[in-house]
Each structure stands twice: as structure tokens, then as C-alpha cells.
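Please take a moment to look over the sequence and the structure shown below.

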Amino acid sequence: MKITILLVLSFFFLSCSQDTNPSPSELKDNNDQTKALDYQPNGVPLSNPQVEVMEVSQTEISLNWFNPSNWQSIPEYPNQPEFLVEASTNPKFDNLVTSRRISDSYQTTFSNLQPDLPHHFRVRALPSSGDIRYLKGEPTTITVMTGSYPKEQVGSFAVNPEFGKVHFSWIQLVQPGPIDYVIHLLDSPEQQKPFREFITRENEIRDVILQGGRTYWAQFRASPAEDNNAFSTTDEITVQFDMPGNPLPKLENITGIDRNGTLEIQWSPVTKNLGEFSYMINVKSGENTDQPFGDYVQKEALLRIPNAKPYGRFSFQIKSFPDAENYIDLESISSVFIFDFPLVYCTTPAVMPISRPDSDPSDLKISFAKSPDAPLGHRYEIEVASDQEFSIGLDRRTIEGVELSTVMTGRLEEENHYVRIRMIGPENDATFIASSWTDTIFIEAQPRPVTPPNPLP
């Protein structure tokens, strides 16, 4: 009996231990679920939803849309985001007519519309209440022409612009004989000749490349094809539409550093572009940064200017702009960055006594003491004049810093002379600030001795 009880208990404990240990497949499933939760988005803008026209009449337009491509449905949140659907008779939506917030459907119908007029709609995806995974997304816009009365066949023209391209669609007419559909694209409503024309017998034209960030006008009509005498050309309708563009952001975190005379400018790279782009940098120099230095086009968020130190000060106007064939991105606002190389202030030199050599009193020998604080590459500028304002008989000379004396020749010994000296930097180096002039040194005139008269007759 005891043996039987022990066997039953052993079997019970063994069964419990087997039930509590997960199988390798269960571990794998749990790991996959953990990883899936780890990769949930956080604060990501919802992508713009795809929108299509379901039905058009003289007074009604029905729209259908789809979840954003980056939407993920999980049990904690509703199975679809909310959608803000707005309608306007103006493509800029500055006279909003109707606004609807829809959370339980992907369709809506706008009624009591005026016939034979373009109506503009935009659909934007919104995160549901409490859903921190997403942010409000960019809208999708579409323009639809209601049917006209009594010529319903010229209505139902829809314009659906996207980044860098636009789609046109309409209801296929049922008429005897072939029909050509004609679309003209204009830059302005007053333009006489379209910049692009499309002729087709289909009921749509897709992927027409246009520059984003601009307004266009589309003219649409149906015409009988050749040898079709049973149909007359419809009245032409015009629809204004705006092409969305992606403004490139203003550049931030611009920094500059001197690397042994090479100026290196960097900034945070742009990452919110949708197409290929470049950086354009306009560079000026000078104390007032008004001297043109050069224009540069860079792919990398970096610009190097060798041998830049002598120019002293730079102004950089930097912006990002789309490359050719990029019709989506729009040029950014310019950022301005000023860089100043460190300034070196020269010290006022100490002047030794100035003398007239006995051998030639018309010369002035000028010498000065060596300055221990003089910067590398310094020079001395010397001015000698016949008046204290240094405007009459001015003689100016520049010598290298290794020279501590010079002779100013050709001065009239019977005149007073005024001398001043200052220390300056290397030639064409704006980072050196000249020192103050020394106190003016006065050299008194030495009249020539009077020649005695000749006693002989």
C-alpha cells in the first residue's frame, strides 16, 4: 500500500514539473512577441492615406480611403486610426465648408454640392485617443469636379496630387464612336498656351511629374475622335490645384573650427528629405563680411577652406536645395553663420633715440628695441613727415620684424621732422590688429652753416 502511494505521488510531481517547463517552441513564440512589442513605433507621424473617388453626381461626391502605410493594429488600441476629412471650394482651404472626424469608417459622402464646380478635399490620419505611438500625419488632397447639368458627361473630373506627381481620372463616357479626352496644364489661368498636353482614350492619366510647392490649372474636355460625327466637343472645365512639396528644414548646429589655417565648417545633416539634394554655401569675408569670397555646392554637411586665416572673418549663408529631377523637396530657408579667427593685438614698439649721421645730415637713422611680446611674422611701419599731422612730405616705410633699424634718406636737414612707428602683422593677414602709434618724435632742424663772404673783389 505504501509503495502504491509513493508511485502515485511521484507521478503527480513529475506531471507538474513537465507542465511548468515551457517547450522550446513556446520560448521562441514568447521571444517573438517580446521583440514585436519592442519594435512598436513611438511618436511617429502617420503617413498620408491613399484616397480614391467612389462616385460622383451633380450634387454628391463619395470618397474612400485606406489606412496609412505605417499604421499597425494591436489589441490595446482601435483597429484603425481616426480620419479628419475636410471639404472646401478653394484649393488653399482658406474658406473651409465642412469638417468631419471619422473613426469607424473609411468612406464618406458630401451632398448638396454645387454642380459643375471643382470641390477640394483633404484627408488626414490622426492617432486615436491615448495612442502615443503616432502623431498627426500630413494630409492627402484631391480635387473632384461635380457633374454639370444637363451635360453630366463633362463632370466627374478628379485631380489627385501627391509629392512630385499628380493623377487625373474621370468617368468614361458612353457615346457612339471613339472619344478623345484632352487635358491641358497651365501655370496661370491667363496663360494662352499650355506647357503640357495629354490626349488619351482611357479614363485616367497617372504619374504626371510636376514641381511641388506650386499652383497649377488643369483644363479638361472630351472631343470626338477623327471621323466621329455623332459626338460634339464638351465644354471645357478648369480645375485649380496645389502640388504638395516637402520643405527642407533650416540647417542647425553650425560650427566652425580652425585646423592649422584650414577653416572647417560643419552642420547637422538634413535627414527629412524625400529626394536627392545638395547644400549651397555663399561665403563672404572682410571686417563687415561684405567681400565676396566664393560659392560652394556640397553633398556632405561639411566645407573646408584652406589658408583661410589671413582673411580673419567669414560669413556663411547655407541652405539645402533639391537636385535636378527632384520635384518633391523644396529649398530651405538660409542659415547664416559668422566665424572670426582669433585676433592678435600687436604691442606698441619701444623706440631708441633717433639721430642724424654726421656723415650725411640729410639721413635719419631710426632704431628701436626688440619686443619680447611681438607676435610671429610681425613688421614695423614707420612714417616721417614735415608736419605734426603727417600730411606734408610724408615718407612711409615697412620693415620686417627681424630688422631693428633703418635709415630714412633724402630729408632736408634744415627742416623739422616728425617720426612715428607702429607694429603691424604679416601682409594680408586680417587677424593681426596693428598697435597704436608711438608718441610723435620731434627731430629738430639743423640749419646749414652760413658760408662767409669772399673777401676778394
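Two strands pair if DSSP finds at least two bridges between them, and the elements themselves are DSSP runs, numbered from the N terminus, with helices being H or I over at least four residues and strands being E over at least two. This is a predicted model, in which local features need pLDDT of at least 70 and side-chain atom pairs count only at pLDDT 80 or more, whereas totals for chains, interfaces and linings use all residues. Residues are numbered from 1 along each chain as its sequence is written, and side-chain values use heavy atoms, with hydrogens and water left out.

The protein has 2 helices and 33 strands. Of its 457 residues, 39% count as buried, where buried means under 20% relative accessible area, exposed means over 50%, and partly exposed lies in between, with a 1.4 Å probe and protein chains only. Among the contacts in the protein with a separation of 6 or more, 61% are between residues 24 or more positions apart, a contact being heavy atoms within 4.5 Å. The protein exposes about 26,800 Å², and carbon and sulfur atoms supply 50% of that area; accessible areas come from the Shrake-Rupley method with a 1.4 Å probe, and for residues only the protein chains shown count as cover.

Strands of a sheet pair through backbone hydrogen bonds, either parallel or antiparallel.

Leaving aside residues up to four places away in sequence, Gln 219 touches Val 182, Ile 183, His 184, Leu 186, Glu 236, Ile 237 and Thr 238.

Another open sheet is made of 4 strands in the order β21-β20-β23-β25, and here too the pairing is antiparallel. The strands β21 (291-298) and β25 (335-340) form its edges, each pairing on one side only. Neighbouring strands of this sheet are turned by 20 degrees against each other on average, direction ignored. Strand β23 (residues 313-322) is joined to β25 by 6 bridges, and the two run antiparallel; the bridge partner of Ile 318 in β25 is Ser 335.

The rings come next. A search of the whole structure finds 24 aromatic pairs, where rings of Phe, Tyr and Trp (its six-membered ring) pair if their centres lie within 6.5 Å, and planes under 30 degrees apart count as stacked, over 60 as edge-to-face and the rest as tilted. Phe 314 and Phe 316 form a stacked pair, at 5.9 Å centre to centre with 25 degrees between the planes, and both of these residues are buried. Ring pairs also link Phe 157, Phe 168, Trp 170, Tyr 181, Phe 195, Tyr 216, Phe 220 and Phe 241 into a cluster.

A charge sits over a ring if NZ of Lys or CZ of Arg is within 6 Å of the ring centre and within 35 degrees of the ring normal. The charged end of Arg 420 sits over the ring of Phe 390, 4.1 Å from its centre, and Arg 420 also lies over the face of Trp 437, at 4.4 Å from the ring centre.

The last stop is the loops. Most residues other than glycine have a negative phi, and most peptide bonds are trans. Asn 260, although not a glycine, has a positive phi of about 55 degrees; Asn 260 lies in the loop between β18 (255-259) and β19 (262-266), and counts as exposed because its relative accessibility is 84%. Glu 325, likewise not a glycine, has a positive phi of about 75 degrees and lies in the loop between β23 and β24 (329-330). At 63% relative accessibility, Glu 325 counts as exposed.

Notes: Axes fitted to C-alpha atoms, helices over the stretch in contact; angles between N-to-C directions.
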